[in-house]
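Dear colleague,

Please find below the structure that I am handing over to you, with its sequence. My findings follow directly after it.

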Amino acid sequence: MSVPSPILRFAPSPNGRLHLGHAYSALLNAEIAGRLRGVCRLRIEDIDPVRAKPDLAAAAIDDLGWLGLRYPSPVRHQSRHMGEYRAALNRLIAEGLAYPCFCSRGAIRAAAEAGSAPIPCDPDGAPLYPGTCRTLDPREATRRRDGGEPHTWRLDMARALPRGAKDGRVRYIAFDGGEDRPVTVEPGLWGDAVVARRDVPTSYHLSVVHDDAVEGITHVVRGMDLEAATGLHVLLQGLLGLLTPRYHHHALIRDGDGRKLAKSRGSTSLARLREEGVSPGEIRAELGF
């Protein structure tokens with residue numbers, strides 16, 4: 001039995017200009033792909049119809065090219081594959097693993113804060129969904145959907161765990177420096193996670209596991225800020241009959257105050273550094289490449 005060639009991917013979201021944190025992750029993916037004698041693909045994760053912009057996707061590709069990174073064609077743009085995500089979502093719905101939720105984020109937070117007990121939160125710090133719509137009468141849910149009421153789709157974690165986990169836990173292989181180690185995590189910590197947004201028939205979690213499978217990704221290299229989400233991703237892979245890649249979660253590049261770099265905080269972009277005369281070689285040297 002032949003072992004598949006390693007395939008990695010760098011997958012930025014075009015909702016702002018790339019910064020040094022993106023550069024580090026992109027360069028690390030390329031370095032590890034070379035070390036494994038594999039290939040690194042580029043994916044544009046543009047499911048957000050409001051924040052993701054075609055000009056920012058083009059700018060990201062240009063910034064990566066400036067760094068000396070080249071990727072195989074075609075580059076996958078998530079916005080062009082909504083039908084595939086809808087099919088994956090429909091499978092979860094048909095198997096009774098997802099239900100429509102008509103609650104807004106504000107309503108969920110208000111309900112969580114109404115009590116005197118500490119607010120239970122998911123690994124990202126957001127209030128856990130209390131399950132308000134989980135037991136909604138199916139006829140009522142259909143009536144509200146047919147009436148055009150905005151809704152998300154949530155994973156029914158209580159039903160999903162017996163199908164895709166063992167004793168509430170899932171397992172994946174983490175790799176670091178060429179060594180593999182098993183990791184066991186509890187996806188139930190995410191509660192009834194959103195698997196499709198109000199505006200598109202998918203979420204980050206659903207589209208990323210689908211795309212990793214479609215592109216044959218064998219090794220996922222991404223930031224430590226996504227490590228907690230891996231348990232949920234492995235659960236979805238099990239529910240959808242998808243293979244689980246190996247994972248490596250790297251340290252984050254931080255600013256002078258110790259905060260991770262972020263587009264939302266206006267972290268200095270690669271474009272600005274280019275304008276200031278910084279060379280690709282200087283960027284690589286600063287990041288340890």
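I begin with H249, whose contacts, leaving aside its neighbours within four places in sequence, are Y172, R222, G223, M224, L226, E227 and T230. Please note that this is a predicted model. H249 belongs to strand β10, which covers residues 246-250. The residue counts as buried because the relative accessibility of H249 is 11%, and the cut-off for buried is under 20%. With the side chain of R222, the side chain of H249 makes a polar contact of 3.3 Å. With the side chain of T230, the corresponding polar contact of H249 is 3.0 Å.

The next item concerns the packing of two helices. Helix α6 comprises residues 157-164 and helix α8 residues 230-240; their axes come within 9 Å and cross at roughly 70 degrees. Helix α6 is therefore roughly perpendicular to α8, as the range for that description is 65 to 115 degrees. On the α6 side, the contact is made by M157, A160, L161, R163 and G164, while α8 contributes L232, L235 and L239.

I turn now to the strands. Three of them form an open sheet in the order β4-β5-β8, and the pairing is antiparallel. Its edge strands are β4 (98-101) and β8 (194-196), each of which pairs on one side only. On average, and with direction ignored, neighbouring strands of this sheet are turned by 45 degrees against each other. Strand β5, residues 152-155, pairs with β8 in the antiparallel sense over two bridges. Opposite W153 stands A196 of β8.

Finally, there are two local details at helix α5. At the start of this helix, which spans residues 138-146, a side-chain oxygen of D137 reaches to within 2.8 Å of the backbone nitrogen of R139. Just after α5, G148 adopts a positive phi of about 85 degrees.

In summary, the points I would bring to your attention are the buried H249 with its polar contacts to R222 and T230, the roughly perpendicular arrangement of α6 and α8, and the open sheet of three strands.

With kind regards

Note on methods:
Residues are numbered from 1 along each chain as its sequence is written. This is a predicted model: local features need pLDDT of at least 70, side-chain atom pairs count only at pLDDT 80 or more; totals for chains, interfaces and linings use all residues. Side-chain values use heavy atoms; hydrogens and water are left out. A polar contact is a pair of N or O atoms within 3.5 Å; within protein, one must be able to donate a hydrogen and the other to accept it, and residues adjacent in sequence count only if both atoms are side-chain atoms. Helices (H or I, at least four residues) and strands (E, at least two) are DSSP runs, numbered from the N terminus. Two strands pair if DSSP finds at least two bridges between them. Axes are lines fitted to C-alpha atoms, for helices over the stretch in contact, and angles run from 0 to 180 degrees between N-to-C directions. Buried means under 20% relative accessible area, exposed over 50%, partly exposed in between (1.4 Å probe, protein chains only). Contact means heavy atoms within 4.5 Å. Angles under 35 degrees count as roughly parallel, over 145 as roughly antiparallel, 65 to 115 as roughly perpendicular and the rest as oblique.
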